[in-house]
Amino acid sequence: MREKHGMYEALTKEMEASDDELFFQTYRMSKEQMDFIASCVSSLIEKNDTVMRPAIVAKCRLAMTLRFLASGDSMFSLSIAFRVSRAALSGIIMETCQALWTVLQPLYMKPPTEEDLKLVSREFNDLWQFPNCIGAVDGKHCRIHKPPNSGSDYHNFHDFESIVLMAVVDARDRFLYIDVGAKGKENDSTVFKRSSFGKALEVNRLPVPGDKELPNTSCPLPHVFIGDEAFPLKTNFLKPFSRYGDLTTDKKIFNYRLSRARRVVENTFGILASRFRVLKSTMMGKLETIDHIVKAVCVLHNFLMVTNAQNGNSYFTPVLVDREANGQIIPGSWRRQSIPVLPSGNISGNFSGRDALKIREAFKDYFCGVGRVPWQDEAILRGNF
């Protein structure tokens with residue numbers, strides 16, 4: 001039945017021959033991109049025929065997995081579409097997600113070098129007018145079915161079960177670092193501190209470039225990551241001034257400029273969830289399997305962003321993300337999806353050192369002085385900063 005009526009054998013091959021748009025809508029990539037991925041992962045997922053039945057070919061296994069990630073459809077509906085048992089389909093998806101991460105991560109999400117982070121800093125300044133920024137950090141809750149005997153460990157403040165995807169994003173909406181699997185009840189600050197990225201940052205093991213003068217100044221300041229109020233303020237990590245109480249105009253301007261640059265991580269999560277709708281479903285299965293699924297969609301996102309221009313700009317278009325016109329934010333189309341991207345909130349008590357406070361003040365003075373942009377005064381009157 002599968003050889004005659006399965007979705008891969010009957011429909012996918014037909015789309016490859018005659019309908020590029022439907023192929024993209026089905027698998028979230030072009031046939032050329034799928035062929036490239038298939039060439040990379042085939043050796044890890046192909047199986048041998050047995051005396052009982054022929055093996056499912058590697059490209060069909062990849063198609064099953066990509067359709068699951070793109071649609072978020074249930075195992076039941078996909079097993080019918082591809083004419084394969086639910087047990088076999090589940091195993092294929094887990095194995096292929098592992099293979100996708102194993103093969104694509106060294107190519108499209110390798111740990112950045114110091115030179116890579118210098119480039120990220122230049123792009124944050126060029127695109128978002130935030131110099132010395134080397135990444136925007138945030139967390140996203142990924143819905144899961146409640147694990148057995150887990151109590152309230154995975155129940156988050158949005159009132160559903162989840163694991164947390166903690167991510168660092170560059171100025172062009174691509175992942176630099178990810179950490180997957182923290183329990184939903186934990187706040188951003190805790191997840192950050194326990195992540196491999198947070199631990200490495202704490203002990204200065206990341207290739208962070210040395211201090212650099214901000215444009216048109218003689219004052220060297222450290223390169224920094226940026227995040228929202230839930231994160232700790234450090235000498236290499238900036239967050240907004242607290243909105244509790246009255247904020248002075250210059251502090252509101254700083255908050256606006258940081259929020260503007262930090263928007264890239266919201267956009268990245270938005271693109272990810274709009275393209276890979278498995279993140280809008282309630283994922284079921286072992287936690288290990290769910291971790292593999294989330295890591296697979298993240299590395300696929302980077303691959304598709306990097307190869308977007310060579311493949312008709314189908315995966316990413318400017319209207320998909322938030323953008324500016326005359327200082328006003330125009331929401332990206334991902335925000336009009338039926339299920340919003342929920343950030344990983346919860347503000348914990350974070351106590352900042354004196355040096356970190358001074359560095360934030362220096363950035364504030366820069367944004368209110370030689371580093372100001374023409375529309376910022378009007379922007380803080382329109383927004384809640």
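**View 1. Asp-291, a partly exposed residue in a helix.** At 21% relative accessibility, Asp-291 counts as partly exposed, because that label covers everything between buried (under 20% relative accessible area) and exposed (over 50%), using a 1.4 Å probe and protein chains only. Look for Asp-291 in helix 12, residues 287–306. Helices (H or I, at least four residues) and strands (E, at least two) are DSSP runs, numbered from the N terminus. Leaving aside neighbours within four places in sequence, Asp-291 is in contact with Ile-163, Val-180 and Gly-181, where contact means heavy atoms within 4.5 Å. Trp-375 is 84 residues from Asp-291 in sequence and 42 Å from it in space, C-alpha to C-alpha.

A word on what you are looking at: this is a predicted model, in which local features need pLDDT of at least 70 and side-chain atom pairs count only at pLDDT 80 or more, while totals for chains, interfaces and linings use all residues. Residues are numbered from 1 along each chain as its sequence is written, and side-chain values use heavy atoms, with hydrogens and water left out.

View 2. Two strands pair if DSSP finds at least two bridges between them. Strands of a sheet pair through backbone hydrogen bonds, either parallel or antiparallel. Strand 1 (residues 133–143) pairs with strand 6 (residues 224–226) in the parallel sense, over 2 bridges. Strand 1 and strand 2 run antiparallel and are joined by 8 bridges. Strand 1 is mostly covered, with 10 of its 11 residues buried.

**View 3. Helix 11 meets helix 13.** The axes of helix 11 and helix 13 (residues 354–368) come within 9 Å and cross at roughly 95 degrees. Helix 11 and helix 13 are therefore roughly perpendicular to each other, a label for angles of 65 to 115 degrees; under 35 counts as roughly parallel, over 145 as roughly antiparallel and the rest as oblique. On the helix 11 side, the meeting residues are Asp-250, Lys-251, Ile-253, Phe-254 and Arg-257. Their counterparts in helix 13 include Arg-360, Phe-363 and Phe-367.

**View 4. Phe-363 and the largest nonpolar core.** A nonpolar core is a set of buried Ala, Val, Leu, Ile, Met, Phe, Trp, Tyr and Cys residues joined through side-chain atoms within 4.5 Å. The largest one here has 117 residues, of which Tyr-27, Phe-130, Leu-238, Val-294 and Phe-363 touch the most other members. Not counting residues up to four places away in sequence, Phe-363 touches several residues, among them Phe-130, Leu-214, Leu-238 and Phe-254.

**View 5. Helix 2 crosses helix 3.** The axes of helix 2 (residues 7–18) and helix 3 (residues 20–27) come within 7 Å, crossing at roughly 135 degrees. Helix 2 and helix 3 are therefore oblique to each other. Among the residues making the contact are Met-7 and Met-15 of helix 2, and Phe-23 and Tyr-27 of helix 3.

**View 6. Arg-61, buried or exposed?** Arg-61 is buried, with a relative accessible area of 10%. You will find Arg-61 in helix 5, residues 58–71. Not counting residues up to four places away in sequence, Arg-61 touches Ile-45, Lys-47, Ile-56, Ile-92, Glu-95 and Thr-96.

**View 7. Gln-129 in a loop.** Gln-129 sits in the loop between helix 8 and strand 1. Phi of Gln-129 is near 55 degrees, a positive value in a residue other than glycine. With 21% relative accessibility, Gln-129 counts as partly exposed.

Key: Axes fitted to C-alpha atoms, helices over the stretch in contact; angles between N-to-C directions.
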